[in-house]
Amino acid sequence: MNIEISNVTKTYGDKTVLKDFSMEVHGGECVVLMGTSGSGKTTLLRILMGLEPVDSGTVDMGGGKIGAVFQENRLCESFTVRENMEMVLSGKYDRKLAEKTMRTCLEKVGLEDWENEPISKLSGGMKRRVAIVRAIVYAQMMGADTILMDEPFKGLDEETKLQVMDFVRESTGNRTFLLVTHDESEADFFSGRVVVIES
């Protein structure tokens, strides 16, 4: 589904973060959002997720489900890796398929031996990978057609980063994918349309 953002303005107090911002994203397109810190990239993703209201303008997400990775991992430390993934699944779904999907995804990011370990035992980079896998598992099991990721690869060592980026590129498939990053090499890797948000 297409995403239509028309003349969106968002302010926090006296600071205008987005001003008359417009963008169209076609269904299945990869768009990389870049810009300086404070230019409104994260704010825009939060608006697309429905977590922030706009002051003016309109946003049309086409009514589909959204998988997301925030700047923070947002994991439950006392829950296991598997439980953190299960918590985003709801309604009727094939549990056996979900288990297989989770195991496959964890294997592809090098976490196949950590499925039943609590998040509190994982390193920062491992937690980041769980947050990414959780968004992908949600998209695959719940039928999300849009995935939003806010600097998802930050803090990963280079070898792990390439492994995880391969996984994300493979897993997003024909879904609409918006990636926020400061890293030009990530933009090149995903070969997406680059949109620079000016501060």
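Let's begin with a word you will need on this tour: a residue is called buried under 20% relative accessible area, exposed over 50%, and partly exposed in between (1.4 Å probe, protein chains only). The structure in your viewer is a predicted model, where local features need pLDDT of at least 70 and side-chain atom pairs count only at pLDDT 80 or more, while totals for chains, interfaces and linings use all residues. Residues are numbered from 1 along each chain as its sequence is written, and side-chain values use heavy atoms, with hydrogens and water left out.

**Stop 1: the sheet**

Select residues 3-12, which form strand β1. Helices (H or I, at least four residues) and strands (E, at least two) are DSSP runs, numbered from the N terminus. β1 belongs to an open sheet of 3 strands in the order β2-β1-β4, with antiparallel pairing; strands pair if DSSP finds at least two bridges between them.

**Stop 2: the nonpolar core**

A nonpolar core is a set of buried Ala, Val, Leu, Ile, Met, Phe, Trp, Tyr and Cys residues joined through side-chain atoms within 4.5 Å. Select M149, F153, V168 and F190: of the 43 residues in the largest core, these touch the most other members. Then colour α4 (124-142), one of the elements that each supply at least two residues. The largest share, 12 residues, comes from α4.

Which residues surround M149? Leaving aside neighbours within four places in sequence, M149 is in contact (heavy atoms within 4.5 Å) with, among others, L45, I132, V168 and F177.

**Stop 3: salt bridges**

Side chains of opposite charge can pair when their charged atoms come close. In a salt bridge, a side-chain nitrogen of Lys or Arg is within 4 Å of a carboxyl oxygen of Asp or Glu. The structure holds 15 of them.

Select R82 and E86, whose side chains meet at 3.0 Å, N to O. Both lie in helix α2, 4 residues apart, about one turn of the helix. Are they buried or exposed? R82 counts as buried at 19% relative accessibility, whereas E86, at 28%, is partly exposed.

Finish at R169 and D166, another salt bridge, at 3.1 Å. They are 3 residues apart in helix α5, so about one helical turn separates them.
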